[in-house]
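Subject: Structure handover

Hi,

Here is the structure for you to look through. My notes on helix packing and the core follow below it.

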Amino acid sequence: MLEAAKTLKETSALPAVCGRVCPQEKQCEAKCIHLKMNKPAVAIGHLERFAADYERESGQMSVPEIAQPNGIKIAAVGSGPAGLSFAGDMAKLGYDVTVFEALHEIGGVLKYGIPEFRLPNHIVDVEIENLAKMGVKFIKNCIVGKTISFDDLKEDGFRAMFVASGAGLPNFMNIKGENLIGVMSSNEYLTRVNLMGAASDDTDTPVLKGKHVAVIGGGNTAMDSVRTARRLGAERAMIVYRRSEEEMPARLEEVKHAKEEGIDFLTLHNPVEYRGDEKGRVTAMLLQKMELGEPDASGRRKPVEIKGAQEWVDVDEVIVSVGVSPNPLVPSSVDGLEVSSKGTILVSDENMQSSIPTIFAGGDIVRGGATVILAMGDGRKAAAAMHAKIVSGEI
Ligand SMILES: Cc1cc2nc3c(=O)[nH]c(=O)nc-3n(C[C@H](O)[C@H](O)[C@H](O)COP(=O)(O)OP(=O)(O)OC[C@H]3O[C@@H](n4cnc5c(N)ncnc54)[C@H](O)[C@@H]3O)c2cc1C
């Protein structure tokens, strides 16, 4: 089993994390040869998780070989899966790596987004400790672009940087009543609970614990929010999703677990308005019933309104989980850094290099809200490419 864990680590920086959160049914398990024989796929995700957990609990975690230190300082901005996998690969190559993180905890969405019941924090912490053992330095509470600038980093002798600042800006639907008390983003809700201890009674960062909670959206973030609401005492916790269950982007397992926990799935429904009481607190949502039309640009069948089919449903809390946008601070604080119309940093597909040769980028700040495995892959690709360019003297 220890050998299995070692083999996994040759290509994955965080197997205990991936074994828990990757949409395996769309990735490795979708390619399993058993499917061609009309049998269920080998449970690759669960095996990955087991091997990584076994290694960690055995106390015999393998430490990768580290090249001789070369004294070259490299910065990573953001400590999510992209920043961490980049830092690990650069440390292995002998670089002096510092990860700058805006929050008071290292781990990005792995810590502040994905709840403890799905990805315990101590599992992420072990990976961070391993990176620290490999020589990676972590600076918390440091917002690059505000606390320090990119010019400061350059002056401090950082030869190159990898921007992995994620997509932490929540989207809203801009419908009537969205400003009522009790309507908030998943980002705020989950951060309060996962990072600021809002579930405990003595926290100074509490969160509303609604009894009739609607979560708008059908992705992993929506599932995490609705299952959290249930754990915080919601008698009726609902997913409101405008397409059908088949189109839901969430991992299959999350949907299954949510159902087992008694979550109501209002699929083919879309909120169009919220109503509040005299104190401005949300009390109800108006849902528009939908049906599926022709496929849209995403290849999924488009939700179309059924005329006249609307209903009011009582709620005392609404959590909006309809996607995220890139954190705008880094892109806006560097002159000459090219970004797309959506605010993502533009990089070469081949090597993750931006329009500024010493700045590479990857993960959600490049892709928009995507996945852990893609973020990690970007970090590794950027590390290999940055190393090659430093060795060749290009940067
Ligand atoms: C609730 C939730 C559940 C999810 N579930 C899954 C799942 O089950 N499976 C899956 O594959 N994906 C899932 N995802 C998506 C996945 O977590 C992200 O795609 C992934 O974390 C992106 O990694 P990243 O390193 O690019 O950014 P992030 O993880 O967002 O990390 C970025 C970090 O950069 C920091 N930062 C931002 N700006 C600055 C700055 N200026 N200076 C310093 N630091 C800065 C942020 O504080 C943050 O810590 C989920 C996302 C959410 C929100």
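Helix 10 (residues 220-231) packs on helix 11 (residues 252-260) at an angle of about 25°, and their axes are 10 Å apart. Angles under 35 degrees count as roughly parallel, so helix 10 is roughly parallel to helix 11. Their crossing is left-handed. Helix 10 brings Asn220, Met223, Val226 and Arg227 to the contact; helix 11 answers with Glu254, Val255, His257 and Ala258. By class, that is 4 nonpolar, 2 polar and 2 charged residues.

Bear in mind that this is a predicted model.

Helix 1 (residues 2-11) meets helix 4 (residues 44-58) at about 115°, with the axes 8 Å apart. The two helices are therefore roughly perpendicular to each other. Helix 1 passes helix 4 in a left-handed crossing. On the helix 1 side, the contact uses Leu2, Ala4, Ala5 and Leu8. On the helix 4 side are Glu48, Ala51, Ala52, Tyr54, Glu55 and Ser58. The residues of this contact split into 7 nonpolar, 1 polar and 2 charged.

Now the core. The largest nonpolar core holds 96 residues. Ala87, Val163, Val215, Val318 and Ala361 have the most contacts inside it. Helix 14 (residues 372-391) gives the most to this core, with 7 residues. In soluble globular proteins, nonpolar side chains tend to be buried together.

What does valine 318 touch, leaving out residues up to four places away in sequence? The list is Gly182, Val183, Ala214, Ile216, Tyr274, Val282 and Met285.

Best wishes

How values were computed: Residues are numbered from 1 along each chain as its sequence is written. This is a predicted model: local features need pLDDT of at least 70, side-chain atom pairs count only at pLDDT 80 or more; totals for chains, interfaces and linings use all residues. A nonpolar core is a set of buried Ala, Val, Leu, Ile, Met, Phe, Trp, Tyr and Cys residues joined through C-beta atoms within 7 Å. A residue is buried if 20 or more other C-beta atoms lie within 10 Å of its own, exposed if 12 or fewer, and partly exposed in between; C-beta atoms are placed from the backbone. Helices (H or I, at least four residues) and strands (E, at least two) are DSSP runs, numbered from the N terminus. Two residues are in contact if their C-beta atoms, placed from the backbone, lie within 7 Å. Axes are lines fitted to C-alpha atoms, for helices over the stretch in contact, and angles run from 0 to 180 degrees between N-to-C directions. Angles under 35 degrees count as roughly parallel, over 145 as roughly antiparallel, 65 to 115 as roughly perpendicular and the rest as oblique. A crossing is left-handed if the near helix is turned anticlockwise from the far one by less than a right angle, and right-handed if clockwise. Ala, Val, Leu, Ile, Met, Phe, Trp, Tyr, Cys and Pro count as nonpolar, Asp, Glu, Lys and Arg as charged, and the others, Gly among them, as polar.
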